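Subject: Structure handover

Hello,

Here is the structure I promised to pass on. Please open it alongside this message. My notes follow below.

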Amino acid sequence: MRTADGAGYRSGFVCLVGRPNVGKSTLMNRLVGSTVSIATPKPQTTRTRIMGVLHGEDYQVVFIDTPGIHQAFSPLNKRMVGYALGALSDADLCCVLVEPRPSPGAPPGPEEQLLLDRVREAGRPALGLVNKVDAAGGEQVLATLSALHDTGLFAEVLPVSALTGHNLERLMQLILERLEPGPEYFPPGQISDQGRETMIGELIRQALMTRTRDEVPYGAAVRVESLEERTQGEPLLVVHASIFVERDSQKGIVIGKGGKMLKAIGSEARQRIENLLGVRIFLELNVRVLDRWSEDPRRLTELGYPED
Ligand SMILES: Nc1nc2c(ncn2[C@@H]2O[C@H](COP(=O)(O)OP(=O)(O)OP(=O)(O)O)[C@@H](O)[C@H]2O)c(=O)[nH]1
Ligand SMILES: [Mg+2]
C-alpha cells in the first residue's frame, strides 16, 4: 500500500519483444485495457516504441511495445529494429514472445534464433511467453515451452493467449512480483506516452494497412497536419492528415477507383478515432507521393522515425 511519502510504491518498464506478428501489440492493449498500439494481421505493423501504462493502487507498469525484431535491410526497417533493441537493453524486465513451433522437436527458425541471440546479448531479466496457444496443439505448445526453458534465458516460461486472455492473470502476477520500488512515471489517467496526433495518425495507418496489400502497407506513412477543435454546437474535432506513399502507382491504389478506397480508409479510421477520443471527428485525408521516403534518413526523421 502506498503511504503519504510514496513508500511501498513499485514501478518498472516492461518491454514486449519478439518477431514481427507474434502478438506484442495485442498483448499490450489487453494488459493496459485500451488500444494504445495498433495491431493488424500483417507483420511489421508497429514501427516505433510505444508505451502503455497500467496504473495500480500501489504500482505502475510501463509496458513498451516494440517493432518486430527481424533481419532488416532498408533504412526504415533498420531503425525499427534499433528501437526494439534499445528497449530490450534498457527495460527492467523483458517479455519475450514467440509463437508455438510448427512441430514438436522443430528447431528455432532463423528469426527466432536471431531474437534469442539478441535477448542473450541484452542480458536483462526476462520471461519467455509462448503466445497464440488458442490456435495451436498442446504438444506443440509444450515442446516450445520446453525449448524456451532450455535456452536458460528466462526466469519463467508461460503459455498465453493475448487474444483470449488465457493465463494473463498469471503473467501479471509474475510481472508484479518483479517490480522494484520506484516512482509514478505517468500521472493517473495517462495510458500512453503518445500524443493525440500520433495516436490519430496510427489509427489512420491501421485502417490503411488493413485494407491494402502487397507493398502498399509498407510504403505508407501518416502525418497529422492539424487538429482544430470546434466548440460551437456539438463539439467536433477537425483532423487534417497526409498519407505519404513512395510512388504514383501506390497513390492510385490508396485513392482507389472514384476515391472509393480512400473513403473506406477514412471512414474506418474516423470510427476508431471517435471511439478512442469520445468526440465527433471530421477527417480530411490527402495522399502525397514522397519519393522513396523509407530509404531517406532525413525523411524518415521528419515522418516520426528518428535515429535512436
Ligand atoms: N489466434 C491468436 N491470434 C493472435 C493472438 N495474439 C495476436 N494475434 C493476432 O496476430 C496478429 C498480429 O498481432 P499484433 O499484435 O499486431 O502482432 P505484433 O507482434 O505486434 O506485430 P508487429 O507489430 O507487426 O511486429 C493479429 O492478427 C492478431 O489478432 C493470440 O493469442 N491468438
Ligand atoms: Mg505490433
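Start with the ligand. The shell around ligand 1 holds nine nonpolar, twelve polar and three charged residues. Please keep in mind that this is a predicted model. In total, 24 residues surround ligand 1. The closest are Gly-23, Ser-25, Ala-39, Thr-46 and Gly-68. Which helix gives the most to this shell? Helix α1, residues 24-32, does, with three residues.

Next, the domains. The protein is divided into two parts: domain 1 covers 10-181, and domain 2 covers 196-302. Their centres, taken over C-alpha atoms, are 28 Å apart. The two domains do touch. Ten residues of domain 1 are in contact with 13 residues of domain 2. On the domain 1 side, the touching residues are three nonpolar, five polar and two charged.

Then there are two helix pairs to look at. Two packed helices are described by the angle between their axes and the distance between the axes. I give both values for each pair.

Helix α2 spans residues 75-90, and helix α3 spans residues 110-122. They pack at an angle of about 40 degrees. Their axes are 9 Å apart. The crossing of α2 and α3 is right-handed. From α2, the contact uses Leu-85, Leu-88 and Ser-89. From α3, it uses Arg-118, Val-119 and Ala-122. By class, this contact of α2 with α3 has four nonpolar residues, one polar and one charged.

The other pair is α6 and α8. Helix α6 runs over residues 196-211, and helix α8 over residues 260-277. Their axes come within 9 Å and cross at roughly 135 degrees. So α6 and α8 are oblique to each other. Their crossing is right-handed.

Which residues meet here? On α6, they are Met-199, Ile-200, Leu-203, Ile-204, Ala-207, Leu-208 and Arg-211. On α8, they are Met-261, Ala-264, Ile-265, Glu-268, Ala-269, Arg-272, Ile-273 and Leu-276. What classes make up the contact of α6 with α8? Twelve residues are nonpolar, no residues are polar, and three are charged.

That is what I have for now.

Best wishes

Terms used: Residues numbered from 1 in each chain as written. Chains lettered and ligands numbered in written order. Predicted model: local features only at pLDDT ≥ 70, side-chain atom pairs only at ≥ 80, totals over all residues. Near = placed C-beta within 6 Å. Helix = DSSP H or I, 4+ residues; strand = E, 2+ residues; numbered from the N terminus. Nonpolar A, V, L, I, M, F, W, Y, C, P; charged D, E, K, R; others polar. Domains from an automatic or database assignment. Contact = placed C-beta atoms within 7 Å. Axes fitted to C-alpha atoms, helices over the stretch in contact; angles between N-to-C directions. Left-handed = near helix turned anticlockwise from the far one by under 90°. Parallel < 35°, antiparallel > 145°, perpendicular 65-115°, else oblique.
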